[in-house]
Amino acid sequence: MAFTHLSAKLTQLAEQGLYRSRRVIDSPQGIRLHLDGSSVINFCSNDYLGLANHPAVVAAFKTAADAYGVGSGAAHLVCGHSTAHHALEEELAAFTGRERALLFSTGYMANIGVITALVGRGDTVLEDRLNHASLLDGGLASNAAFKRYAHADTAHLAQLLAAAAGNKLVVTDGVFSMDGDAAPLPELARTAKAHQAWLMVDDAHGLGVLGAHGGGLLEQFGLGQDDVQVLMGTLGKGFGTFGAFVAGSELLIETLIQTARTYIYTTALPPAVAEATRASLRLVQADTWRRDKLAALIRQFRSGAAQLGLQLMPSDSPIQPLIIGDSQQAVAYSQALLAAGFLVSAIRPPTVAQGTARLRVTLSAGHDETMVAGLLDALGAIRVAQG
């Protein structure tokens, strides 16, 4: 009988503490969620600025749904590209300081589409060892020579670039999603340029959150289109909506429109989502207090964790990983926090390396100091109870 190994594989995952389960939320996305009949404070969302349920964003979505309907009806290149999509692309290009921007339905599709469109057999793609799975999958799918350099190690990257063939594409996360640290983008840009390579940055966790105007890690470092030729950003994190985009030169965007299979062969995201994102983009730029408050909460959490002797990874971003080590113990911590009224995800292999299972605490401008203090108190009590 075919696929008889599947049951044993699921059993093995459960025994190793690696089995994943979905939670059903029956409330709007936000800081307080309704889960299994109880109200919990959410510390595992990527809604860093608290915009997913913002009244202005919701109102824009409702108005656009009345104007455009729900579905986009087709791919962008057929009849699915609306005035809402086009306006958002122009506004994202201006926001990121690039010539053009192109919408994709998801960040995963954007990363795979970009990498496979830019490099192929005879070329080389070089990626940070800790890159997101979508970036790694894009590199593997491209048929280019696939090289991984040590995390944030520009010297190792330079060695690999010196031996690389064909067109060379360096690919990195901006803020790394499981560790919360930032890539050394100025050094990466200089290294790539010295070896006639392009640099692609996935700034999913930096856009909206970092930079004086929310322009992300590239704004924070003062890097332009000549430094980072390919910028990818998602809309479901700091912007609080859904989808993704790629920004860069006219040449880059036209190339993607003509050759990126994940753009050509998929339905466009709903126009109402594009209009909601236009509203959130305005809030990202205008509400500078959200970034200021978020930074203050990050400082509070890190200071409190240090006083408790908790092992946080070095991170100035909203992603604050607390290393536990053992997968089953990480799950036990997560369950104990849930019982105390806090939702925090346990992250386990293969998402992270063996022996580095962790609690991935994420902070939002929607939290307040009392909530952060409550989470710290709960973590301290659980640590004492767990021994």
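**Group meeting: a loop, a helix and a cavity**

Let's start with a proline: Pro-350 sits in the loop between β12 (345-347) and β13 (357-362). This is a predicted model. The bond from Pro-349 to Pro-350 is cis, and omega there is near 5 degrees. Most peptide bonds are trans, and most residues other than glycine have a negative phi.

On to the backbone angles. Phe-3 has a positive phi, near 60 degrees, and is not a glycine. Phe-3 falls in the segment before α1 (5-15). Its relative accessible area is 61%, so Phe-3 is exposed. Asn-143 has a positive phi too, near 70 degrees. Look for Asn-143 in the loop between α6 (133-141) and β5 (145-149). Asn-143 is partly exposed, at 46% relative accessibility.

Next, helix α4. At the N-terminal end, Ser-82 is the cap: a side-chain oxygen is 3.2 Å from the backbone nitrogen of Ala-84. After the helix comes Gly-97, with a positive phi near 70 degrees. Which residues of α4 are buried? Ala-84, His-85, Ala-87, Leu-88, Glu-89, Leu-92, Ala-93, Phe-95 and Thr-96. Their cover includes helices α2, α3 and α12, along with strands β3, β8 and β9.

Last, the cavities. How many reach 30 Å³ or more? One. The largest cavity has a volume of about 60 Å³. Its lining is one nonpolar, seven polar and one charged residues. Among the lining residues are Ile-31, Asn-42, Asp-47 and His-367.

Methods. Residues numbered from 1 in each chain as written. Predicted model: local features only at pLDDT ≥ 70, side-chain atom pairs only at ≥ 80, totals over all residues. Heavy atoms only, no water. Buried < 20%, exposed > 50% of the residue type's maximum accessible area, 1.4 Å probe, protein only. Helix = DSSP H or I, 4+ residues; strand = E, 2+ residues; numbered from the N terminus. Contact = heavy atoms within 4.5 Å. Polar contact = N/O pair within 3.5 Å; in protein donor to acceptor, adjacent residues only side chain to side chain. 1 Å grid on protein atoms, 1.4 Å probe; cavity = no way out; pocket = protein on both sides within 12 Å on 5 of 7 lines; lining within 4 Å. Points joined across faces, edges and corners; volume = space filled by probe spheres on them. Nonpolar A, V, L, I, M, F, W, Y, C, P; charged D, E, K, R; others polar.
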